[in-house]
4 protein chains.
Amino acid sequence: MSSIYNGAVLRLSVFGQSHAEAVGMTLDGLPAGVPVDLEALQIFLNRRAPGRNDWSTSRREEDCPEFLCGLKDGKTCGAPLTAIIRNRNTRSSDYEQLRCLPRPGHADYTAQLRYRGFQDVAGGGHFSGRLTAPLCIAGGILLQMLDAKGIRVEARIRAIAGIRDDSPFTESVAEKAFPTVSDEAGEQMKAAIQAARAEGDSVGGIVECVIRGVPGGLGSPMFDGVENRIAQLAFAIPAVKGIEFGSGFQAAEMRGSENNDPYTVEDGRVVTCTNHAGGILGGITTGMPVVFRVAVKPTPSIASPQQTVNLDTMQPETLRITGRHDPCIVPRAVPVVEAVAAIAVADLILEG
Amino acid sequence: MSSIYNGAVLRLSVFGQSHAEAVGMTLDGLPAGVPVDLEALQIFLNRRAPGRNDWSTSRREEDCPEFLCGLKDGKTCGAPLTAIIRNRNTRSSDYEQLRCLPRPGHADYTAQLRYRGFQDVAGGGHFSGRLTAPLCIAGGILLQMLDAKGIRVEARIRAIAGIRDDSPFTESVAEKAFPTVSDEAGEQMKAAIQAARAEGDSVGGIVECVIRGVPGGLGSPMFDGVENRIAQLAFAIPAVKGIEFGSGFQAAEMRGSENNDPYTVEDGRVVTCTNHAGGILGGITTGMPVVFRVAVKPTPSIASPQQTVNLDTMQPETLRITGRHDPCIVPRAVPVVEAVAAIAVADLILEG
Amino acid sequence: MSSIYNGAVLRLSVFGQSHAEAVGMTLDGLPAGVPVDLEALQIFLNRRAPGRNDWSTSRREEDCPEFLCGLKDGKTCGAPLTAIIRNRNTRSSDYEQLRCLPRPGHADYTAQLRYRGFQDVAGGGHFSGRLTAPLCIAGGILLQMLDAKGIRVEARIRAIAGIRDDSPFTESVAEKAFPTVSDEAGEQMKAAIQAARAEGDSVGGIVECVIRGVPGGLGSPMFDGVENRIAQLAFAIPAVKGIEFGSGFQAAEMRGSENNDPYTVEDGRVVTCTNHAGGILGGITTGMPVVFRVAVKPTPSIASPQQTVNLDTMQPETLRITGRHDPCIVPRAVPVVEAVAAIAVADLILEG
Amino acid sequence: MSSIYNGAVLRLSVFGQSHAEAVGMTLDGLPAGVPVDLEALQIFLNRRAPGRNDWSTSRREEDCPEFLCGLKDGKTCGAPLTAIIRNRNTRSSDYEQLRCLPRPGHADYTAQLRYRGFQDVAGGGHFSGRLTAPLCIAGGILLQMLDAKGIRVEARIRAIAGIRDDSPFTESVAEKAFPTVSDEAGEQMKAAIQAARAEGDSVGGIVECVIRGVPGGLGSPMFDGVENRIAQLAFAIPAVKGIEFGSGFQAAEMRGSENNDPYTVEDGRVVTCTNHAGGILGGITTGMPVVFRVAVKPTPSIASPQQTVNLDTMQPETLRITGRHDPCIVPRAVPVVEAVAAIAVADLILEG
C-alpha cells in the first residue's frame, strides 16, 4: 500500500526523500477552526532536529516547515493541511558507493528488491529518518489540539544501552536536552553513547510514552483497538522493533492476580488501583493513562567496517560508512514517539 | 471504526458474540480457484478449541464451521467467503452478575463506557476469546494457500510464567498438544499452570512465530510495513499486550555492530548471516524468516476473589468469578498467532 | 477490491451467491442502542421480494433474515450486526447450459474472465439481483434509524419504457404495489411491461429518490462528497447504468441563471427557491431535499433467442433463456434505491 | 472523510485552496520505474489551463508543476510522488464581499455550514475549479503510463447548451482548442457560449469519455465495480451532476432485446456486436471500450445579478459577481474527465 495513514477520521500522507527537493505531509480530516501556534510547533520540531549537541550527529538541519495550504489566519480552514520542509545541507556523494553495497541494518537491500534499482538511494531516500520530520509536523499540530482538551502526551527515554531510568514519570522532560527523568541515569546513558561512538559503534534504547487525560470509552475491539492503532503508527518510525502496552512483556511473567487492575472509586469516578493494562482493555480506553514503550534498535550506520555483498558482482565486500550519523537516535526519537501517539489519540478523540 | 480488517488486497470481517446465535467471518479478496481442504482446516481449528486436556478449561466447544458462500466444489469462487460457527453449550446465567460488576482485566468496564449498557455482556460478548475461532477460519484457509506456495507459518510457546523455551525452533510443534520445542520446558510450564490453577490464579506467556519461505521485497515503508500490518492484526487477539520483531526489545540493549545483520551470499542469493531484523528492514521483507513474538497476559478470569466496583451503587465490591476458565491461554493462542500471521503474509503475497 | 463498503463510519459487507447456502450482510459501525423493528423491516424487505404480482417473476422467495449477532433485546449492541437469508426454491439445473454460453447483458462472460471458470454460475452467483436482499436488510435498518431522526428516504418509479410520471413527488408511494405517484401513468407502465413480456422482451426505467430532512453541512468536497458516495453505492445495484443529482443531465441544457438556485429566507432559515442542485453543493448538503435518479436497464434475461458465443468451441450459438424472470425490475428496484440512499445518508449523519 | 482517494492500489491526495500558497497532489502506489515525460505532461496540463482563447476566462494561469519528490532521473522511484503548483495572479479582494453573501450554485453556503466560518473563501478555496489542476497532474502521469500499455483515454465535448455532437468518436480531438469531433457542431456551441456571455449568463454541457484497449476481466461486482470507481472520481470534478455508462439513461427507454449486446467472435476473441454496456458488465470490464458521459452544469458564476441572502443580517440581497469567469467550463473539463478516467483505469490495471 502506501505512505498514507487512514485513521478513523484523520488521513495523513507523508512524502519525500532525504535528498529530494522536500519532505512534507498532508493532514486531512481536522475540523476547521483548530488554532496552530507555529512558534510552539517550531520548538517541538527542534526537539527532533539533529546537530544540537555532542551526542548526536554534527549535521545541522533546519526543520522549518512551509505551510502551503489548510491554514487561514492561524487556524485550520477545513481543507487538507500541507506543509513541506526543503532539504538542504545534503551531501549526495556520501551515498554514491551504497548503490550496490547495501548497508547492514538499513533498507538499502530491501528497497533494491522492491523498487528494482529505481529507488532514490541518496540519504536513505524515503526510508530516511528525515521522514520523521513531517511526522512531527502532523504530531506537533495534534499535540496542541490535544493539549487544549487537557490531554497531555509525553515521552521520555526509558533506557539506553541497557541503562534504565525507572524513576516514576511524574514530571515533564520535554524541555530537557536529554529527556530522562533521572539526570543521573541520563549521564550514564550519555557516557554509554560516547563510548559507543568512540568505538565506531552505536546503541539502542527504549522510549516510554504516557498519555494522560484520555477519556475512557474510546476505541474498538478487534482490528481497530487503541493498541492496534498506536502500534501501526509506531512501526512507521524507522528503527522501532517492538512495542508493548502497560505491563507488556512483563505481563507474560505475571499472575492474573497481579496483572489484573482492581477497580475502585476515586473522586466519584471509577479508576483502577494499578495500571498494568496501560489504560486499554478490549481495545478501548479505561480512562487511566495510556502507557506504551517502544524498542529502538541501535543506529545501523556505524563507523566500524561491516560485511556486505556487492550486488553487482555478488561478491562479499567490506563496507565503511563515512557520513555523519547519530551513535544513538533514542533522544531524537522521543518527540517522534509523542507525535505518533498524538496522531492516534487525536484520531480516537475525533472519532468519539 | 470496526471489526473489519482492510488489508492491501484481503478484507476480513469478523462478527459474533460469545453467546449470540453464531460467530463467524467473511474473507474477501481471495483469488478464485484456491482449494480449501476442510478436513485440514478442522484439524487446525481443533488446535484452538478448548477442553482438550487438563491444563485448559473443561468447557467443550465444537468449532465446526458452516460455509455459507464463497466456495464451489472445494475451491474459492471469487465471491466473499463466509463461514459461521453456531454457539452451543453456553451458560448465560454465569454472567448475569457481571452486568454491573466489571471483571478486572476484562473489557466489561470499557464496553460499558463505549456502548452505554447496550453491549452484550454474556460470555464477554464481542470481546470474547471465542472470536478467535473465526480468525482461525480465515487464517487456516490462508495457511493452506501459503503452504502451497512454500511459505510455512509456525508458532510455538516461547515462555509461560517466566519459564522459557529457548531451544532453536527448527522442527514443527503443530502436532503437539502442548506446542513447545523442548518437552522438558513444556513439562515445567504445565506444572506452573497447574500450580496457578490450584491457587485460583492464572499465568501468561510468550508466543513466537516464524514464517519461512517469504520472498524478499514485500511490504512498504511508513504505515504499511510488514511490522505495522502484523502488529495491527496481532493486537486483535485478546490478551496480547506486546509485540516485537527479530531481536525486538533485546535490540535496545545491543550495539549496532551486534544487531546489524551482515550480508553474505549463499547458494547464489543474498542472505544475512544473522537475523536480528526478524526478516524485515524498512518495512520490507529481506527474504530471511519473518520472526515475531507476542506477549500474552495471564487470563483475567481467575477464581480468587477480586476487588471491583458496583457500577450501579458506585460502591466497592468483592467479585468471585465462578465460570470455567483456562488458567493459561497461551497454548490455545499458538494457532491464533499463526492465523494472524497468515492473514498478514497472504495479504503481502497477494499484493505482490 | 471487494464486496465491502467502507463508509466514513459504517462498514457494510455483503456476501452470498444466488444458489449458495445463503446470502447475507454484516453491518458494522452502528452505535449501540439503535432499535430495530423486525416487523417493519420485514415489510420493507417484502417490497423487494419477487413473485408478489403479475408484472414480476412467478418465483416466490421468502426474504426472512436470520440475525446471527449484533442485536440484543431488539437493539444494536455495538458489535457487528450480521443477518443471513437462506436460499430456497432454487433450480440450479436452469443454469447448467450457461457455463459456456454467456448471456448477453449479464455478467457471465466478465465473471469468466475474472474468475477463470471458478465462479459460481448458478443463478448469477454473486452477481445476482438476489444480493440486493442483504443490501435491503442494511438499508431497512438504517431507514428506521433515519426515520427516528426525521429523515425520510423515499423512492418512486419515475419512468418505465419511456413512459414518464412527472407528477410532483409529494406523497409517499411506499405502500403501493406499483410505486408511481400517478396511478394513470402506473397503469400505462404496467401495460408496457406486459406487452414486452408477451413479446419475450423486457423494459427498463428510471427510479427517483428524494431524501427529506437531511441537515445542511454534511459531506465533503472532492472524493467523499455526497454525490460521490451515493453514486458509489448506487452502482452496486445490478442494472443501474446512470445516476444524476438535481437537474442532472438536464443541467447540461440549462443556463446558469436558470440552474442556479437563488437563496431566500423561510421560517428564519436559509433555503433555496428552487432545488436544481438536488440538495448538494460542493459535495456538501444544503439542507434542501437530496434528489437523485438512477437509470435501470431492461432486464437482460429475456425469452427471445439471443446470439452468443460458445466459450468452449468459440463458435456463435443461439441462446434461449428458459428460467422465470422479471420483464421489468424497476418496481422491485425502488426499495433497493431507498436502501442505498439510506446507507449513504446514515453514514453522513454518523460522520457528523 | 477527506480529499484523499483510496483506490485499490493508488492513493491520491489533492490539496490546496485557490488563493493559498499552492495547490498540489501526492500520488502514491505507483510502481517504481514508470517514466514521466514532463513536457508531454505540460502539454496535457495546458489543455485545462484557462485564458487560452475567447470562450474562456481572460485570467491567465501558468500550471507549471514543481515536483518535490517521487521522481528520480525522470522515473518514479517507488516513493510517493508530490507536485505542487504555486498560486499566482490572484485577486483576493474580488471575493471579500462573498464572505456573507453566498453565491447561488457555488459551495459558499455549504462551506459556511460545514466549516463554520473558518473556511478559506478566497477564490472558492478548496472548492475551486483550480483543484482540478492537481487532478490533472495525477491523471496526466497515469495517462502516459496507460498509453505505454496501449490504453488510450480520450474525451470530447458531446454537447453544450443543448447542441449535440453525435458524430462517431473515431479520431482524437486532444489537439483541438475546442475538442468536438464535428467542427460544425463546435462552431454552433461556441456561438451559444458567446451568446450566453453577452447576456451575462453561462451554459453547461456533456463530456464523453472513451477508453480503448482496456483488457477484459478488471473490476469487481458490488461496491468496487468499474462504474462505482469512475463515478466516485468523476463527482470530484466540481460542476459534474450526472454520469452514465454505455447507453446510460437511454437504456431506461430501451428493450432488453435492443440493449443487450450480442456476443460474437472477431479475430479469435469474443467481442460484442454493440456496446450498450459501455464496456462493463457486473462491474467488470468486457474488453470493449469503456464509455461514459458526465453532465456538466452551467458555470455558477454569472455576471447577471442574482438573489441571495446576507448571512449576517439574514436579509435577502442582490449579488453581482464581478470577477472574470468562464461562461462555459465544458471545454476545460475535457482533460479533467480524461484525468479521472485515467486514475480509475490505472488503478484497475495495477490491481490486475
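Four salt bridges are counted between chain C and chain B. The model is a predicted one. One of these salt bridges can be located by residue: the side chains of Lys72(C) and Asp120(B) meet, with 3.4 Å from N to O.

On the side of chain C that touches chain B, seven strands each supply at least two residues: S1 (4-6), S2 (11-16), S3 (22-28), S4 (66-69), S5 (71-72), S6 (75-76) and S7 (81-86). Strand S2(C) gives the largest share, five residues. Sorted by class, this side of chain C holds 17 nonpolar, 15 polar and nine charged residues.

The extent of the interface can be given in residues and in area. Contact involves 41 residues of chain C and 41 residues of chain B. Together the two chains bury about 3,200 Å², and carbon and sulfur atoms account for 59% of that area. Within chain C, the residues that lose the most area to chain B are Arg11(C), Leu68(C) and Phe118(C), which together make up 17% of what that side buries.

Next comes the relation between chain C and chain D. In general, a rotation about an axis and a shift along it relate two copies of a chain. Here chain C is superposed on chain D by a rotation of 180 degrees with 0.0 Å of shift along the axis, at an RMSD of 0.0 Å. This is the relation of a two-fold axis. Both copies use the same surface, since 100% of the contact residues of chain C recur in chain D.

Two residues remain, each with a backbone angle to examine. Asp267(B) is not a glycine, yet its phi is positive, at about 50 degrees. Asp267(B) lies in the loop between strand S12 (263-266) and strand S13 (269-272) of chain B. Is this residue, Asp267(B), buried or exposed? With a relative accessible area of 80%, Asp267(B) is exposed, the cut-off for that class being over 50%.

Met222(D) is also a residue other than glycine with a positive phi, near 65 degrees. The loop that holds Met222(D) runs between strand S10 (205-212) and helix H5 (226-234) of chain D. Met222(D) has 7% relative accessibility and therefore counts as buried, a class that requires under 20%.

Methods
Residues numbered from 1 in each chain as written. Chains lettered and ligands numbered in written order. Predicted model: local features only at pLDDT ≥ 70, side-chain atom pairs only at ≥ 80, totals over all residues. Heavy atoms only, no water. Contact = heavy atoms within 4.5 Å. Buried area = accessible area lost by both parts, 1.4 Å probe. Helix = DSSP H or I, 4+ residues; strand = E, 2+ residues; numbered from the N terminus. Nonpolar A, V, L, I, M, F, W, Y, C, P; charged D, E, K, R; others polar. Least-squares fit on C-alpha atoms with pLDDT ≥ 70 in both. Buried < 20%, exposed > 50% of the residue type's maximum accessible area, 1.4 Å probe, protein only.
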